[in-house]
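Please keep the structure open beside you as you read.

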Amino acid sequence: MFNDTMDTFKRYDYTFFGGMFAIFAIGVTNLYSATHADRAGLQELYMYQAVWFCIALSVGFALSFISSKTFFRYSYIIFIGNVFLLVLVLLLGKIGMGAQRWLAIGPFRLQPSELMKISTVLALSRWFARSGPDRELTIKELLVPLLIVMVPAVLVIVQPDLGTGMLLILILAVMVFYRKLSWKSIWIIVVIAIMCGGVMYKYGLKEYQRKRIITFIDPHADAKGSGYNAIQSEIAIGSGRLLGKGYMKSSQGALAFLPENHTDFVFSIFNEEHGFIGALFLISLYLILFFRYIWLATSVQHFFESVATIGFMAIIFWHTFINMCMVTGLMPVVGIPLPMMSYGGSSMLTFGIVTGIATSFSNSKNLF
Amino acid sequence: MFGEDDIIKSHRQRATQIGYIVLACFGLVVFRLWYLQIYKGETLHEYSVQNRLRKELVRAPRGMIYSRDGKLLVDNLPRFDAVLTRQYLKNPETTLPFLAQILGMSMEDLQAILDKNKFEARYRPFVIKKDLTAKEIAMIETESSSLPGVSIDAFISREYKDKEMGAHLLGYISEITQEQLPKYRERDGVNYRLGDFIGQFGVEQQLDKTLRGVSGHEYVEVDALGRSRKYINVDNLFKGIEDEPSVPGNSIRLTIDHDLQVAGYEALVKEKKIGGFVALDVETGEVLAMVSNPAFDPSQFSRGLTSEYWSSLVNNKDKPLRDRVIQDHYSPGSTFKPFTAIAALEEGIINGNTQIRCHGIFKLGKKIFHSWKRYGDETVTVVDALMQSCNIFFYKVASEMDIDVLAKYTKMFGLGSRSGLGLPREVTGLVPTREWKLKRNGIEWQAGETLSCAIGQSYILASTLQLAIAYAAIANEGKVFKPKIIKEVIGTDGEVIEKFTPEVVREIQLKPTTWQLVKKGLYKVMNNPKGTGWYRRGLGLEMAGKTGTAQVASSSADRIYEKCENKPYELRHHGVFVGFAPFDNPKIAVASMVEHGCHGSSAAAPIVEAVISKYMEKYMPEIKKENEKKQLAQYRFYRQQEEIEKQKTEEEEAGGAE
């Protein structure tokens with residue numbers, strides 16, 4: 001019995017939690033710097049962030065002891081349950097005070113759209129694992145995965161949370177690519193996607209969403225100041241130069257020239273204080289984590305685990321990439337947080353769960 | 001569970017490709033960071049240290065207010081404030097005492113202002129002293145290098161040319177209060193901020209939306225000392241940023257005639273009278289003049305009220321903040337009698353020939369009703385009853401009339417309900433009915449009360465404006481207007497955006513004889529030596545009108561005939577007067593009320609006389625001259641009559657002696 005427990009911890013893969021913790025540690029000190037000069041109310045944010053990290057870590061750690069078989073078995077049920085929660089949010093929003101993204105459970109506000117990313121990855125993985133994974137994927141076979149993604153995506157977009165909706169589709173793209181969709185099919189889809197994008201832009205977007213995109217393409221068209229945010233962010237990043245201004249020495253952020261400096265724009269503050277070198281270090285940490293996930297995907301024993309791991313990697317990757325593009329002015333500001341760095345309980349919990357499940361996969365591979 | 005190794009192995013290539021894509025993506029991010037931090041790093045660093053871009057609110061200039069004759073009544077004047085930005089305050093120990101010295105304020109006061117703004121963001125400037133003198137501005141400008149963080153803000157303040165005159169009508173603007181903020185945001189759908197000025201009284205409040213305009217914003221570069229200047233393009237960095245200009249407010253032209261306003265105001269303040277007057281165009285219902293005294297200086301509000309001035313207004317027992325024309329109602333006194341006469345004539349209680357003896361007292365049951373003068377014992381018709389303001393006549397008439405009948409006719413003339421002028425805080429006045437009294441007091445209506453109401457005492461209350469509207473309706477024989485104060489709204493480039501046309505609320509249908517009799521009575525009030533207004537007939541005005549004296553407190557019997565001027569001030573009657581002119585073709589109606597003025601004829605009538613006289617001079621000088629001739633002839637005639645009567649009585653007396 002004792003030996004069993006010892007064995008469990010001997011073959012326990014700490015690398016995922018380790019990577020998560022490393023980035024969180026940088027994130028929380030950065031958060032402290034970003035908010036210490038703020039007016040009362042925001043100064044304690046780093047404490048809350050630490051509490052959220054502990055919660056996320058506990059949930060993730062607990063999940064790491066659940067076998068991959070269980071995840072496989074319940075993946076559809078989890079997916080359907082989560083979709084149900086999304087519908088609930090919409091209905092409550094209709095009855096209550098307008099648009100909401102969260103459900104209040106006691107003192108917590110749960111955002112079902114955050115968990116939806118994980119549920120969708122699990123459901124897709126089960127489908128891919130069961131539909132002849134030894135063959136190349138044909139366009140026809142995309143129908144069901146597309147359905148699995150579009151149901152929650154549409155529900156999230158009407159919340160309205162365009163960012164998360166697009167993220168679900170991007171995650172699917174990575175998983176489909178991994179599931180060996182032929183290059184020919186990929187090109188066909190790319191062409192169709194560009195065309196659909198045009199139509200969506202014309203008819204499917206809300207005024208402020210369209211404005212964000214216009215602002216990005218032509219900052220002159222902006223009168224309300226989102227261009228202002230982007231430029232302030234660029235000044236903050238650029239002013240960090242090679243080595244940065246030093247910890248707690250950010251001026252753009254601390255003087256509140258930068259809005260949302262504790263959520264979407266934490267990377268700007270980090271860059272201002274730690275410079276190009278600091279940014280390279282942080283990006284390396286993320287890259288190490290991503291390659292660890294890719295390595296895991298190729299070394300597990302079941303295809304379900306493999307596809308799911310790629311999906312998880314996609315979740316963290318897209319968040320990181322989009323956020324960095326956004327604050328450096330490569331992309332319009334769409335409100336996607338930087339994993340483990342931005343303040344936010346729901347997103348921290350999401351990454352905790354992802355890390356927990358990935359650890360579980362990694363541990364089960366060492367069973368034999 | 002084995003056997004999937006092969007499948008996973010076959011996907012290894014794709015996994016590697018994903019790895020490359022991830023690397024390429026972050027390669028892009030790193031390249032961008034290199035561009036910002038290394039390639040453009042120096043420029044951006046320079047920028048973040050030396051200069052900062054600040055988004056500043058640009059408030060829209062407020063619209064002007066003109067009189068109907070094109071005189072500018074409310075203007076905007078620049079004002080300069082000293083402001084401090086804490087972020088740039090490098091050495092407070094030296095800067096603050098120096099600043100206090102320049103501005104002539106104590107260190108305690110300065111510290112108090114700093115403490116008050118303690119929780120403001122450090123980069124946000126706040127006001128240290130408002131309305132700087134030219135000397136203070138020059139001092140701050142020249143000493144700017146030793147005053148880091150201190151700068152001067154230009155600001156537009158509102159200037160009311162006529163100061164106290166017409167202050168209630170024009171109103172004032174002042175900073176939106178913390179309590180108003182959420183309420184007004186909701187009401188107007190405008191994102192007001194603290195520091196925004198909004199109309200709080202009078203026309204400024206009524207037309208706030210029209211006058212205010214829409215504020216915009218501009219981006220300014222702020223240098224290391226916190227002083228702003230318009231941004232210069234640094235490396236096209238701010239190419240994407242554009243100012244949003246403010247939209248100036250529209251101007252308005254009032255229906256007020258400035259000359260009439262001055263004429264009435266001078267008559268009102270000459271003897272420091274407390275009260276007000278309002279003049280209406282009989283044919284359109286436009287307000288030609290409207291003043292209440294005592295008043296306040298509205299300019300003080302837009303400059304930021306000093307606490308001394310505010311407390312002097314609030315603690316003044318004469319209540320200068322009240323608009324006595326529309327915010328206060330009084331017993332109309334004898335000015336109400338025409339409406340009793342109209343009701344009686346229309347209901348057939350009397351006709352033009354009905355004669356009633358006008359002697360000292362009238363008994364109803366055990367209660368005794370007095371006439372306003374002890375003497376007098378002659379038989380009068382309704383016309384002469386109005387002329388002499390005979391209480392007994394109207395008591396007699398009222399004893400045969402139900403209060404609800406009287407109320408019906410009174411309400412037709414707009415008494416007892418808001419006029420719809422649109423200015424805030426207007427009172428309704430009161431026209432009592434049986435139902436009203438039962439509801440309010442739980443007691444049945446007493447017949448005696450009808451008698452008091454018939455001469456405008458008891459429960460009946462009317463504002464000065466309501467009296468003017470009702471008399472205008474008598475003058476034009478039936479048209480009750482919704483009074484207008486705004487003639488037109490004028491856009492920033494001078495074109496008329498909106499015009500306001502007359503609005504008739506009600507057309508009263510009465511027998512033609514009723515109009516004739518009542519108007520004749522009102523004419524004789526002014527133009528017959530026996531009339532109560534004879535001495536205020538003016539020169540060539542052909543005015544008709546009615547005096548009124550409103551009892552403030554019901555007097556005990558022994559005090560009834562005591563001379564009003566001998567009473568303590570608070571017990572003196574209010575003087576009321578309403579008139580219209582010229583009689584043949586009435587153009588203007590004026591009502592005036594003087595608190596504790598004792599008599600309508602001596603206190604209130606001179607104000608009306610002054611306004612009407614000015615009106616005739618300005619708009620119909622020929623008619624006025626003609627009237628003057630007519631008046632002279634009439635006067636001679638009366639003198640002759642007097643002589644003849646005198647001779648007659650002398651002869652009779654002589655005869656009797658024989």
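A:L110 is partly exposed because 18 other C-beta atoms lie within 10 Å; a residue is buried if 20 or more other C-beta atoms lie within 10 Å of its own, exposed if 12 or fewer, and partly exposed in between, with C-beta atoms placed from the backbone. This is a predicted model, in which local features need pLDDT of at least 70 and side-chain atom pairs count only at pLDDT 80 or more, while totals for chains, interfaces and linings use all residues. Residues are numbered from 1 along each chain as its sequence is written, and chains are lettered from A and ligands numbered from 1 in the order in which they are written.

A:L110 belongs to strand 2 (residues 108-110) of chain A. Helices (H or I, at least four residues) and strands (E, at least two) are DSSP runs, numbered from the N terminus. Leaving aside residues up to four places away in sequence, A:L110 touches A:W102, A:L103, A:I105 and A:S346; a contact requires C-beta atoms, placed from the backbone, to lie within 7 Å.

**Two helix pairs**

In chain A, helix 12 (residues 303-327) packs with helix 13 (residues 345-365). In chain B, helix 14 (residues 337-346) meets helix 17 (residues 403-412). Axes are lines fitted to C-alpha atoms, for helices over the stretch in contact, and angles run from 0 to 180 degrees between N-to-C directions.

| Helix pair | Angle | Axes |
|---|---|---|
| helix 12 and helix 13 of chain A | about 150° | 10 Å apart |
| helix 14 and helix 17 of chain B | roughly 115° | within 9 Å |

Helix 12 and helix 13 of chain A are therefore roughly antiparallel to each other. Angles under 35 degrees count as roughly parallel, over 145 as roughly antiparallel, 65 to 115 as roughly perpendicular and the rest as oblique. The crossing of these chain A helices is left-handed; that label applies if the near helix is turned anticlockwise from the far one by less than a right angle, and right-handed applies if clockwise. Among the residues making the contact are A:F312 and A:I316 of helix 12 of chain A, and A:F351 and A:F361 of helix 13 of chain A. By class, the contact has eight nonpolar, one polar and one charged residues. Here Ala, Val, Leu, Ile, Met, Phe, Trp, Tyr, Cys and Pro count as nonpolar, Asp, Glu, Lys and Arg as charged, and the others, Gly among them, as polar.

Helix 14 and helix 17 of chain B are therefore roughly perpendicular to each other, and their crossing is right-handed. Residues that meet here include B:F339 and B:I342 in helix 14 of chain B, and B:L406 and B:Y409 in helix 17 of chain B. This contact has six nonpolar, two polar and one charged residues.

**A sheet in chain B**

Five strands of chain B form an open sheet with antiparallel pairing, in the order 12-11-23-22-21; strands pair if DSSP finds at least two bridges between them. Strand 12 (287-293) and strand 21 (544-550) of chain B each have a single partner strand, so one side of each is left without a neighbour in the sheet. The twist averages 5° from one strand to the next. Strand 11 (residues 275-281) of chain B is joined to strand 12 of chain B by six bridges, and B:A279 stands opposite B:A289 in strand 12 of chain B.

Methods:
Two residues are in contact if their C-beta atoms, placed from the backbone, lie within 7 Å.
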